[in-house]
Amino acid sequence: MKVLHEDDRAAAIAVNDRFLETGEPFRMEYRMCRKDGRVVWVREEATMFRDADGTFVSAQGIMVDVSDRRRTEEELQHSLELLERSDTERQKLVAHLVRAQEQERVRIADDIHDDPLQKLTAVGMRLSGVRHELGDSAPDSLVHLEHTVAGAIASLRSLLFDVRPPALDREGLAIALQQYLRETTSDTDLQWELHDRLALEPPPEVRVICYRISQEALTNVRKHAKASRVDVELANDIDGVRVRIIDDGVGLDAAETGTGVGHLGIPSMRERAELGGGRLQIRDRAGGGTVVEFWIPTALPSATIS
């Protein structure tokens, strides 16, 4: 029994004793130490034969060297552990990057709201007051200036909404996208509908990734697709979130070969999806239009990132 590896010796002896006592067949793998010091893995199988009255007749067994197979399994297991660690590190990095980007967006939004927007709003109120004081004698240049300031205020408020929609944190992905669609299509003929099939709200970082990719896709629809309708579908799918954006516009190929701008934003959309461990597919829609579909896993760790 000295040839048995010390870590496997007790188990191998116990199995052998039980075999001799009960006659039950067994199959096990354990390590043996050769005289040259090399450790090998063996698989041993044994069966006991008895006659009709149960008397022991003989035992038959086989021992096979399975070192190559065990070595391959150990190497594979080691590779899997490395991949799991790499995946975990990637997920942590994604969570950190997403959080850093959104924190910077919040800072920019606060700066815009607290300084230029407030000042422009004050200027607009002053101009409105002056115009009302002058009445019909107000010059056209003053009226034009008032409209210009009002337009700048509207643009800044729209920028604030794009930079960081408050609803994304407070009310979730579906509500934030609904508000974005309502805000950006109010002065267009584009019809839209959002189909919310999310049974579970995704984690914050995943929510942001889905929102930003959808935002880019919807911008392409509004600016380049020449579509009359767009549908957005949200659903939980295989430990992740699946988003599908379908328009009835000119289609991806026509947009690219026509104006050459229909594909803008696609690289960043794909990059965001892949960085989040997901995948993105863009294809022409049967009957005309484009389908943007992506899936992001919900296993992005957030609690471990500070």
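1. The side chain of Glu293 makes a polar contact with the side chain of Arg283, at 3.2 Å. The structure discussed here is a predicted model. A further polar contact joins the side chain of Glu293 to the side chain of Arg244, at 2.9 Å.

2. Glu293 belongs to strand β8, which covers residues 290-297. Is Glu293 buried or exposed? Its relative accessible area is 10%, and because the limit for a buried residue is under 20%, Glu293 counts as buried. When neighbours within four places in sequence are left aside, the residues in contact with Glu293 are Arg242, Val243, Arg244, Arg279, Leu280, Gln281 and Arg283.

3. Glu293 is also part of a network of salt bridges, together with Glu233, Asp237, Arg242, Arg244 and Arg283. Within this group, Asp237 forms a salt bridge with Arg242, and the closest N and O atoms are 2.5 Å apart. Asp237 is partly exposed, with a relative accessibility of 23%.

4. How many salt bridges does a search of the whole structure find? The search finds 18. One of them joins the side chains of Glu29 and Arg70, with an N to O distance of 2.7 Å. This pair links distant parts of the chain: Glu29 is in strand β1 and Arg70 in helix α2 (residues 67-114), 41 residues apart. Glu29 is partly exposed, as its relative accessible area is 23%.

5. Another salt bridge is formed by the side chains of Arg131 and Glu146, at 2.3 Å from N to O. Here too distant parts of the chain are linked, since Arg131 lies in helix α3 (residues 116-134) and Glu146 in helix α4 (residues 140-163), 15 residues apart. Arg131 counts as partly exposed at 26% relative accessibility, whereas Glu146 counts as buried at 13%.

6. The next point concerns the sheet that contains β1. This open sheet has 3 strands in the order β1-β2-β3, and the pairing is antiparallel. Why is one side of β1 (26-33) and of β3 (56-65) left without a neighbour in the sheet? Both strands stand at the edges and each has a single partner strand, so one side of each remains without a neighbour there. On average, neighbouring strands of this sheet are turned by 30 degrees against each other, direction ignored.

7. The pairing of β1 can be followed in detail. Strand β1 is joined by 8 bridges to β2 (residues 39-50), and the two run antiparallel. Tyr30 stands opposite Val42 in β2. Helix α1 (residues 9-22) packs on the sheet and touches β1, β2 and β3. The direction of helix α1 makes about 140 degrees with that of β1.

8. Finally, Val66 is found in the loop between β3 and α2. Val66 is buried, with a relative accessible area of 6%. Which residues are in contact with Val66, leaving aside its neighbours within four places in sequence? They are Glu29, Trp41, Val42 and Arg43. Val66 and Tyr30 are 36 residues apart along the chain, and their C-alpha atoms are separated by 9.6 Å.

Definitions and conventions. Residues numbered from 1 in each chain as written. Predicted model: local features only at pLDDT ≥ 70, side-chain atom pairs only at ≥ 80, totals over all residues. Heavy atoms only, no water. Pairing = 2+ DSSP bridges. Helix = DSSP H or I, 4+ residues; strand = E, 2+ residues; numbered from the N terminus. Axes fitted to C-alpha atoms, helices over the stretch in contact; angles between N-to-C directions. Contact = heavy atoms within 4.5 Å. Buried < 20%, exposed > 50% of the residue type's maximum accessible area, 1.4 Å probe, protein only. Polar contact = N/O pair within 3.5 Å; in protein donor to acceptor, adjacent residues only side chain to side chain. Salt bridge = Lys/Arg side-chain N within 4 Å of Asp/Glu carboxyl O.
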